Amino acid sequence: MAGIYIHIPFCRKACHYCNFHFSTQTQYIEPFTNALLEELAIQKDYLKNPIETIYFGGGTPSIMSQQNIERIMGQISKHYNLADSFECTLEANPDDINLEKLSAWKSIGINRLSLGIQSFQANALEWMNRAHSVEQSHQAIQLAYRAGIMNLSVDLIYGTPHLTDKELISDLDTIKSYGIPHVSCYALTVEEKTALHKMIQLKKIENIDTTHQSNHFNIIVENLQEQGMDHYEISNFAKPGHRSKHNSNYWKGIPYLGLGPSAHSFNTDTRQWNIANNQLYIQSISNGIVPFEIERLPIATQFNEYMMISLRCMEGFSTQTILDRFGINFLNHSLLIAANFETKGQLIKTATGFTLTKEAKFFADGIASDFFWID
Ligand code: SF4
């Protein structure tokens, strides 16, 4: 099994907090699509069949015309075999949604929609400089259901300075009222080279308050679990049968091919990433060369990644997996550190290894870094 990720590097508007690779120069969508189709043909032997998941991410995939999405799906089917029960997700912004588009996406195999809602509060959307309105979010959800796309996920951003607990709870209640089966919740982070970073430095807006964020995190966890969702990864919640297969496969270390500028690929021993520049990407592909850098993953890096990912997941890390994949020294190292966190009440034993306690989940990345193997 394997997955394909397609990076669509275009957006209508730059959100203030965003550090993903994207451009607002949408006049290059056509040459980009042609290059992407060519990259797919060049990379047709990167993965072993069948393909279990396809994920259109970005950027804003919903900015693409139906014809271009269809051309990409056609090219994937030409070069790879799709598994019988494949999952195909498309990230969409609410302002792009209409019934015609949804029906067309569904007819070509898109069976999961990830909606970039971020908040149902107008002031929060404005603060983030999002392109859509609250009304468009409600409409997008209703239209998706009307088109028969029931496998819906929504993204929320929490911890923005003016978002009150009451507003956050109201957003979670809205999710409940629509019966949304999957939610991804991200704490607002301040990345360098973003408008948000600059505005904070210039003291035009206040900085992020981590206590406010951890309160929001606790509200979200409690509320979504009450809605019957599993908190299956630190930022992800799903009703039974609705976990994202694509992301779950990333976390299990299953190979994937990333296509488009800035996209990463992974085949267990190596990771490679395409150039994060649309013009250079298009130009290089027109010369028959995929412009990427590659790194071989040393065992310590593979171990550190395993710890980082597994501690973010509900099941935690498995001692047998560590022994099988990395050997006895790595296992002893993990057990020693785990004992320390267990004493502090931040880790608990499971039948197969260790997982974070509820209280420690907000600090998952920091705790995982204490397990890192440094050569
Ligand atoms: S729509 Fe998404 S990718 Fe585009 S600028 Fe906003 S957050 Fe970034």
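## The whole chain

The chain holds 14 helices and 15 strands; helices (H or I, at least four residues) and strands (E, at least two) are DSSP runs, numbered from the N terminus. Its radius of gyration is 21 Å, close to the 21 Å that the globule rule gives for 375 residues, so the chain is as compact as a globular protein of that length. That radius is taken over C-alpha atoms, and the globule rule is 2.2 Å times the number of residues to the power 0.38.

Before you click further: this is a predicted model, where local features need pLDDT of at least 70 and side-chain atom pairs count only at pLDDT 80 or more, while totals for chains, interfaces and linings use all residues. Residues are numbered from 1 along each chain as its sequence is written, and side-chain values use heavy atoms, with hydrogens and water left out.

Zoom out and you'll see the C-alpha atoms filling a box of roughly 55 × 50 × 45 Å along the principal axes. Buried residues make up 54% of the 375 residues; buried means under 20% relative accessible area, exposed over 50%, and partly exposed in between (1.4 Å probe, protein chains only). Take the contacts between residues at least 6 apart in sequence: 70% of them join residues at least 24 apart, where contact means heavy atoms within 4.5 Å.

## Stop 1: the ligand

Which residues sit around the ligand? Select C11, K13, C15, Y17, C18, F20, F22, G59, T60, N93 and R130; a residue makes the list if one of its heavy atoms lies within 4 Å of the ligand. This shell divides into 6 nonpolar, 3 polar and 2 charged residues.

A cis peptide bond joins G58 and G59, with omega about 25 degrees. For another cis bond, go to the one from N49 to P50, where omega is near -5 degrees. P50 is found in the loop between α1 (29-42) and β2.

## Stop 2

Now pick S114 in strand β4 (residues 112-118). S114 is buried, at 5% relative accessible area. Leaving out residues up to four places away in sequence, S114 touches Y55, T89, L90, E91, A92, S153 and D155.

Slide along to Q118, also in β4. Q118 has a phi near 70 degrees, a positive value in a residue other than glycine, and is buried with a relative accessible area of 7%. Then try N129, in the loop between α4 (122-128) and α5 (134-146), where phi is positive too, near 65 degrees.

## Stop 2: helix α9

Select helix α9 (residues 245-252) and look for H246, N247, S248 and N249, which are buried. What do the buried residues of α9 pack against? Show β1 (2-8), β2 (51-58), β3 (82-92) and β7 (230-233) to see the partners. Just after α9, G253 takes a positive phi of about 80 degrees.

## Stop 3: aromatic rings

Rings of Phe, Tyr and Trp (its six-membered ring) pair if their centres lie within 6.5 Å; planes under 30 degrees apart count as stacked, over 60 as edge-to-face and the rest as tilted. The count comes to 17 aromatic pairs. Show F303 and F326, an edge-to-face pair at 5.4 Å centre to centre with 85 degrees between the planes. This pair links distant parts of the chain: F303 is in helix α11 (residues 299-312) and F326 in helix α12 (residues 319-326), 23 residues apart. F303 is buried at 0% relative accessible area, and F326 is buried at 9%.

Next, F341 and F371: their ring centres are 5.9 Å apart and their planes at 25 degrees, so the pair is stacked. Finish here by selecting F303, Y306, F326, F330 and W373, which form one aromatic cluster.

## Stop 4

Strands pair if DSSP finds at least two bridges between them, and 2 bridges join β13 to β15 (residues 353-356). Find S318 and you'll see it opposite G353 in β15.

Notes:
Nonpolar A, V, L, I, M, F, W, Y, C, P; charged D, E, K, R; others polar.
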